[in-house]
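Thanks, everyone, for making the time. I would like to walk you through one model this morning, so please have the sequence and the coordinates open while I talk.

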Amino acid sequence: MPEEEKHLDTLLTENRTFTPSEAFKARANVNDPNIYERAAADPEAYWAEEAKNITWFRPYNKILKWDPPHAEWFVGGKLNAAYNCVDRHREGSRKNKAALIWEGEPGDSQVLTYDMLGREVDKAAHMLSNLGVKKGDRVAVYLPMIPELPISLLACAKLGAIHTVVFGGFSSKSLQERIVDADAKLVITADAGWRGGKPLPLKANADEAVAGTSVEHVLVVDRVGEQAKAEKNPDRDVSWHELIAKQPSTPFPAEEMDTEDVLYLLYTSGTTGKPKGVTHTTGGYMVGVNNSMRTVFDLKDEDVFFCTADIGWVTGHTYIVYGPLSAGATTVMYEGAPNYPDRDRFWDIVEKYGVTTFYTAPTSIRTFMKWGPEYVEKHNLDSLRLLGTVGEPINPEAWMWFHKYIGKEKAPIVDTWWQTETGCAMIAPLPGITATKPGSATKPVPGISVDVVDHDGHSVEPGNGGSLVITKPWPSMLRTIWGDDERFRNTYFGDFPGIYLPGDGAHKDEDNYVWILGRMDDVINVSGHRIGTAEVESALVSHSSVAESAVIGRSHEVKGQAITAFVTLKEGVTSGDEIIKELKQVVVNQIGAIARPEELVLTNELPKTRSAKIMRRLLRDIAEGRDIGNTTTLADPSVVESLQAAFKR
Ligand code: WT7
């Protein structure tokens, strides 16, 4: 059975449905099921209504200008994202409400009220401005999960600079690629961050990354100190702490941004070796993420929202920073590892701060399952009222475990399907309305039009599968790929004009619920993070001993998918554990630890068709221990046996 079908089979064997409780329904922000029809009848009117929750400096004069594949939303409107996330709450009744609760790994913590956060953002904006950062400039942010990270983002937004966050787990080479592509002027980094009780160095990578680039300054936060062993370059480096202390305490005026001015770039893997700079603009993104908080996450003023993602990924941008803060909520961010000092760290945080909404990835849930419920049971989780998942399809077992042990069988679960490109959740239940089925993200949220189509772009009948598509533009959609509009057009709109193609396969069930099956392209989803097979392959072949490589994703019980690399060495190179270790390290150095292959199999030959195409499907079958069916299309069928033997070893 092909992988997708097998996967679907396990998902669909779970046929329970869970309806929202009367108590939840009664208090939900949205509990009138007509919202779906109302929004579908006139999506533009729906979004215009939603746009009222954002403060505009100047009103827009047209809701949508759609010139496929280019959309402009709220045309002519002026606003500022940081003003919407901080200042408007600070000026009002939320002035002294906790905006950001930060929990550091070693146990230090900080609570910033909206007023305090506002002051920090203003000082940081003054600082960036004094360093020469102007509206439209790009600032690369390579920081651990410390308060200076959201403060940097908001400071950029306040003065109109475009931030591009690079996840701290990426290598210096990956950081450099992004700095160069974005043509960043400034890099904000830290000496190191804490992870699992150890300093995770960042400054050394940043130093390597900026060499030979256009970067004028590196702004360094001292997070770890002595143990980080970071060196300072007096000509280029400036200290965040020294500089921020010298800034005026006057407010920094929020730049009036056009609705279509770029808010941020975020790089994501594609099918080629070069990551794509997903480009989000201001007005539509803010309307989308703000709406998502209220509808999907049922956010209320008293909620404490804990999203466990890193701000290095889009989930953190939207659901730690811009979403919760634009809605005036309290957002929790945690610096370190979930098992430090012990495996109950998340539950400890939930109890300590009275977290009401907990949003995490299926891979984390599977890890909690492995650790066992005793870590959960040590804590009082009564404050939790809503749970969410994101990043990959959730297997029903993990869903049920989450429901039972974390949600105590009463908190609804919102399984949210979306992507870096979509800006916020696209397919997800409304917790006060939608009956959930474990394993399905259910239905598109109001205002979003989704379908599953066949090769010709025709909608499939219920009970069938095909490609997931988004058939109408939506406010928080990416506007382009930075510097490569052609790639934007081809990647997302190349198949069916005006129809957005996410790259996922999906199944539509008898109730029109959507079941996401995973990527249809050469992208691997490792623990909810996208890694392009081409990126890993090009890292491997950059090594002088490698002749050829093929990289695939195999199913993995915790990570969802794991990276398996098949490598043929050049003649005369001695194979063995030594070279395997070295090659794995090449991938870590070139991309980052997240891309380290789980297995690296040395082989004399790769299975190819007679037209010399590598048969990836077959490699996946081998890695997952499945029977290999028909191999007559192979140029040399004997390759299979030797590969199977090599994989077992
Ligand atoms: C890809 C996007 C958006 C946040 C994190 C990942 C997969 C995401 C789900 C879900 C099934 C999901 C898709 C998608 N994905 N959420 N709830 N169910 N699959 O962002 O790195 O841009 O990856 O993650 O394959 O295309 P990303």
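I will begin with the conventions, go on to the ligand site, and then take several strands, helices and loops in turn.

What you see is a predicted model, in which local features need pLDDT of at least 70 and side-chain atom pairs count only at pLDDT 80 or more, whereas totals for chains, interfaces and linings use all residues. Residues are numbered from 1 along each chain as its sequence is written, and side-chain values use heavy atoms, with hydrogens and water left out.

Let me start with the ligand. There are 18 residues around the ligand, and Asp415, Thr416, Thr420, Arg519 and Arg530 come nearest; a residue counts as near when one of its heavy atoms lies within 4 Å of the molecule or strand in question. By class, this shell has 6 nonpolar, 7 polar and 5 charged residues, where Ala, Val, Leu, Ile, Met, Phe, Trp, Tyr, Cys and Pro count as nonpolar, Asp, Glu, Lys and Arg as charged, and the others, Gly among them, as polar.

Which polar side-chain atom lies 2.6 Å from an oxygen atom of the ligand? It belongs to threonine 420. For glutamine 419, an N or O atom in the side chain is 3.0 Å from an oxygen atom of the ligand, while at glutamate 392 a backbone N or O atom lies 3.3 Å from a ligand nitrogen. The term polar contact is used for a pair of N or O atoms within 3.5 Å; within protein, one must be able to donate a hydrogen and the other to accept it, and residues adjacent in sequence count only if both atoms are side-chain atoms. Taken alone the ligand exposes 560 Å², and the protein buries 96% of that, with accessible areas from the Shrake-Rupley method with a 1.4 Å probe and, for residues, only the protein chains shown counting as cover. The elements that give two or more residues to the shell are α12 (314–326), β20 (413–416) and β25 (514–519); helices (H or I, at least four residues) and strands (E, at least two) are DSSP runs, numbered from the N terminus.

Moving on from β25, aspartate 522 is found in the loop between β25 and β26. Leaving aside its neighbours within four places in sequence, aspartate 522 is in contact (heavy atoms within 4.5 Å) with Thr271, Ile531, Gly532, Thr533 and Arg616.

Strand β26 (residues 523–526) has Val523 and Asn525 pointing one way and Ile524 and Val526 the other way, and all are buried. In general, the side chains of a regular strand alternate between the two faces of the sheet. β26 runs antiparallel to β27 (residues 529–532), to which 4 bridges join it; two strands pair if DSSP finds at least two bridges between them. Valine 523 stands opposite glycine 532 in β27, and in the hairpin, which has 2 residues between the strands, serine 527 takes a positive phi near 50 degrees.

Strand β4 (residues 98–103) pairs with β17 in the parallel sense over 4 bridges, with methionine 333 as the bridge partner of tryptophan 102. Strand β16 (residues 304–307) also runs parallel to β17, joined by 3 bridges, and phenylalanine 306 stands opposite valine 332.

Two helices deserve a comment. In α5 (residues 81–90), 10 of the 10 residues are buried, so the helix is largely enclosed by the rest of the structure, and what covers them includes α6 (114–130), α7 (148–159) and α12. At the start of α5, a side-chain oxygen of asparagine 80 reaches to within 2.8 Å of the backbone nitrogen of alanine 82. Helix α16 (residues 396–406) is mostly covered, with 9 of its 11 residues buried, and just after α16 lysine 408 takes a positive phi of about 50 degrees.

Finally, threonine 442 lies in the loop between β20 and β21 (450–453), and threonine 442 is buried, with a relative accessible area of 0%. Its contacts beyond four places in sequence include Ile427, Pro429, Tyr513 and Val514.

Notes. Buried < 20%, exposed > 50% of the residue type's maximum accessible area, 1.4 Å probe, protein only.
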